[in-house]
Amino acid sequence: MQVLIVGTGGVGGYFGGRMAKAGHDVTFIARGDHKKAMEENGLEVKSINGDFSLKKVKVTDSIADAATPDLVIISVKAWQVKDIAVQLKKVIDGHTMVLPLQNGVLASDELKEELSEKNVLAGLCRIISKIDGPGKIHHMAVDPVIVFGECNNSKSDRVLELEKTFNDSGFKGQVPKDIQAALWKKFISICTSGWLAVTRATHGEVREQKETRSILKEILNEGTLLARKKGINITEDYPDKMMAFIDTFPYDSTTSLTRDIWDGKPSELEYQNGTIVKLADEIGLDVPVNRFIYYSLILMEKRARGNS
């Protein structure tokens, strides 16, 4: 399979690396020192599921230089999706599958603003990983999985074949009964990242302190209520199930949004807590905890983007 990985960070580097190791023709989009290191030394992946390295990889900093792919995995930040969609128009054809793995629930719709609906899938991933230096990826926690499907939940031949391809590449692929429900569950859970940023704490610190743990749970409660009000198929006990899952995370783990805010970088705040607030406002639902987190971080976000 001809695969294009747009964004060779912790997510794209890991899943693209696994697919390349399995024999697929993978082209990575990377920049700067990361690209240079990959050109010179390949890609190294440290993983709880077994370390591996690729001595030679295809890497470029321009989507336009890539061959027409069968599959595009988009693993850039959420706010970059619209621009990536415009660039992809130059290289994809009618058979290319475009799979976004962004946090949030807006990526597929944003892609469809530029690309044909038949090209666009919906998806998410579960993994805790990061760039560990130029040309190096570190998978720290969570058994990696890509959950994906047709946006209308049809079980097409192409998604079932892709599910098998993923599983044969050394990580789990899963086509759920309801991809929209799956997207919302991930979206709700990742909104806890803002609380880690506000408290300047890790998952372990936040969950073990009674007061901060209660806020963690309320973030999930608000998101679940919003989803149910919008007709998404999520059960009322989802917050309890998610809290149990968060309790399995490594004590010192954080998230990409948390680290970006701490480091003064642009983050996905607008696509996480900000989107909860906006969607809740549209239907007149009160989400005070998510609103507090969003308002607490918005000035830092603006400074990071240079428009405060």
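**View 1. Side chains of strand S1.** Gln2, Leu4 and Val6 point one way from S1, while Val3 and Ile5 point the other way, and all are buried. The model shown is predicted. In a regular strand, side chains alternate between the two faces of the sheet. S1 spans residues 2–6 and is mostly covered, with 5 of its 5 residues buried.

**View 2. Pairing of S1 with S2.** Strand S2 is made of residues 25–29, and S1 pairs with S2 in the parallel sense over 5 bridges.

**View 3. The unit formed by S1, H1 and S2.** Helix H1 covers residues 10–21 and, together with S1 and S2, makes a right-handed β-α-β unit.

**View 4. Pairing of S1 with S6.** Strand S6 (residues 71–74) also pairs with S1 in the parallel sense, here over 4 bridges. The bridge partner of isoleucine 5 in S6 is isoleucine 73.

View 5. Threonine 212 is part of helix H9, which runs over residues 210–229. Threonine 212 counts as buried because its relative accessibility is 17%, and buried means under 20%. Leaving aside residues up to four places away in sequence, threonine 212 touches Trp195, Thr199, Glu205 and Val206.

Notes:
Residues are numbered from 1 along each chain as its sequence is written. This is a predicted model: local features need pLDDT of at least 70, side-chain atom pairs count only at pLDDT 80 or more; totals for chains, interfaces and linings use all residues. Side-chain values use heavy atoms; hydrogens and water are left out. Buried means under 20% relative accessible area, exposed over 50%, partly exposed in between (1.4 Å probe, protein chains only). Helices (H or I, at least four residues) and strands (E, at least two) are DSSP runs, numbered from the N terminus. Two strands pair if DSSP finds at least two bridges between them. A crossover is right-handed if, with the strands pointing away from the viewer, the path from the first strand over the helix to the second runs clockwise. Contact means heavy atoms within 4.5 Å.
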